[in-house]
Structure formats: structure tokens, C-alpha cells
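Let's walk through this structure together, from the overall fold down to individual side-chain pairs. Keep the sequence at hand as you read.

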Amino acid sequence: MEDCAAGQDGRPTEVMFDGACPLCRFEIDIYRQLQTKAEIDWIDVSSDEFQPPVGTTKEQLLRRFHLITPDGEILSGAEAFVFVWNRLPGWRWLGLSSRLPGMMFLMELVYRSFLVVRPALQKIVRFFVPKP
């Protein structure tokens with residue numbers, strides 16, 4: 001498994017996240033602190049300056065976690081998380097666990113379940129933790 005998230009042409013992985021979501025910001029901040037050799041660009045999709053990649057919309061990217069691999073492939077949901085986890089120290093075990101039979105399906109199911117309750121969780125977090 002490679003430690004670096006950059007492709008052969010030096011392109012970094014582009015992780016697109018909802019910076020307006022306090023839960024998303026919290027998780028991405030954890031990943032940023034762990035980032036060592038991994039070449040990852042963290043892109044706030046909620047930013048006014050953000051321009052979605054061809055074939056996607058801002059709304060689509062705000063609904064689910066997405067990334068663009070150094071090879072130009074767009075991944076989303078559990079598959080995108082696993083791609084990131086495999087490149088961060090301390091998280092590789094979780095990425096490797098996705099290789100167990102049925103685990104990727106289960107991870108995607110859990111992620112989709114989270115997406116259903118995400119709006120309510122965001123409201124709760126915003127009530128207690130003001131936006132920076």
C-alpha cells in the first residue's frame with residue numbers, strides 16, 4: 001500500500017468536503033493534523049469560490065463526501081473515506097478492514113444512515129459550537 005496520495009504525475013488527491021458542516025470540519029481537521037507524506041488538497045465545497053469538477057454539481061458534492069484521486073477518478077461515500085484512511089497514519093487499519101468480505105457494503109450502509117441524520121446532528125452541534 002502506498003503512503004503517498006500523489007499520482008505519478010505529481011497530482012495530489014483532492015478531498016472535497018462541506019466546510020459549512022461542523023461535523024465535517026471537525027473530521028477533516030483531524031485528518032489534516034495526521035497528514036504526513038500524503039499529498040492531499042482539502043477543498044471546501046461550501047466556499048463561494050469553489051468550482052465543481054466537470055460532470056458534478058456543487059449540490060451533489062455537498063450531499064456526500066467526494067474526492068478525486070491522483071489518477072482523476074472521482075470516489076464518494078465509504079469508498080472515498082477508505083481511500084483517505086489508507087493514506088493517514090493511525091487510520092490505515094480501518095482502510096484495510098474494508099477488504100474483509102462484506103465490509104465495504106457495511107461501511108457504505110453506515111455512511112448512508114449517517115447522511116439521513118446528518119442535518120439533525122448539524123443543528124445540535126451548531127447550537128452548542130458556534131461557527132468559527
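A residue is called buried when its relative accessible area is under 20%, exposed when over 50%, and partly exposed in between (1.4 Å probe, protein chains only). With that rule, buried residues make up 39% of the 132 residues in the protein. Please bear in mind that this is a predicted model, in which local features need pLDDT of at least 70, side-chain atom pairs count only at pLDDT 80 or more, and totals for chains, interfaces and linings use all residues. Residues are numbered from 1 along each chain as its sequence is written, and side-chain values use heavy atoms, with hydrogens and water left out.

Let's begin with the fold. The protein has five helices and four strands, where helices (H or I, at least four residues) and strands (E, at least two) are DSSP runs numbered from the N terminus. Along the sequence they follow the pattern β-α-β-α-β-β-α-α-α. Among contacts (heavy atoms within 4.5 Å) with a separation of 6 or more, 64% are between residues 24 or more positions apart.

Now look at helix α5, which covers residues 103–128. Its axis and that of α1 (residues 22–34) come within 8 Å and cross at roughly 95°; axes are lines fitted to C-alpha atoms, for helices over the stretch in contact, and angles run from 0 to 180 degrees between N-to-C directions. This makes α1 roughly perpendicular to α5, a label for angles of 65 to 115 degrees. On the α1 side the contact is made by P22, L23 and C24, and on the α5 side by F114, R118, L121, Q122, V125 and R126.

Which residue does R118 pair with in a salt bridge? Its partner is D18, at 2.7 Å from N to O; a salt bridge here is a side-chain nitrogen of Lys or Arg within 4 Å of a carboxyl oxygen of Asp or Glu. The two residues are 100 positions apart, with D18 in the loop between β1 (13–17) and α1, and R118 in helix α5. Both D18 and R118 are buried.

By this rule there are four salt bridges. R64, E108 and R112 are linked in a network of them. R64, in the loop between α2 (58–63) and β3 (66–68), lies 44 residues from E108 in helix α5, and their closest N and O atoms are 2.9 Å apart. E108 also forms a salt bridge with R112, again with 2.9 Å between the closest N and O atoms. E108 and R112 are both in α5, four residues apart, about one turn of the helix. E108 counts as buried because its relative accessible area is 15%, whereas R112 counts as exposed because its relative accessibility is 51%.

Next comes α3 (77–85). Eight of its nine residues are buried, including F81, F83 and W85. W91 sits in the loop between α3 and α4 (92–97). With a relative accessible area of 23%, W91 is partly exposed. Not counting residues up to four places away in sequence, W91 touches I30, Y31, L34 and W85. W91 and L34 are 57 residues apart in sequence, yet their C-alpha atoms are 9.2 Å apart in space.

The protein exposes about 7,900 Å², of which carbon and sulfur atoms supply 61%.

Note on methods: Accessible areas come from the Shrake-Rupley method with a 1.4 Å probe; for residues, only the protein chains shown count as cover. Angles under 35 degrees count as roughly parallel, over 145 as roughly antiparallel, 65 to 115 as roughly perpendicular and the rest as oblique.
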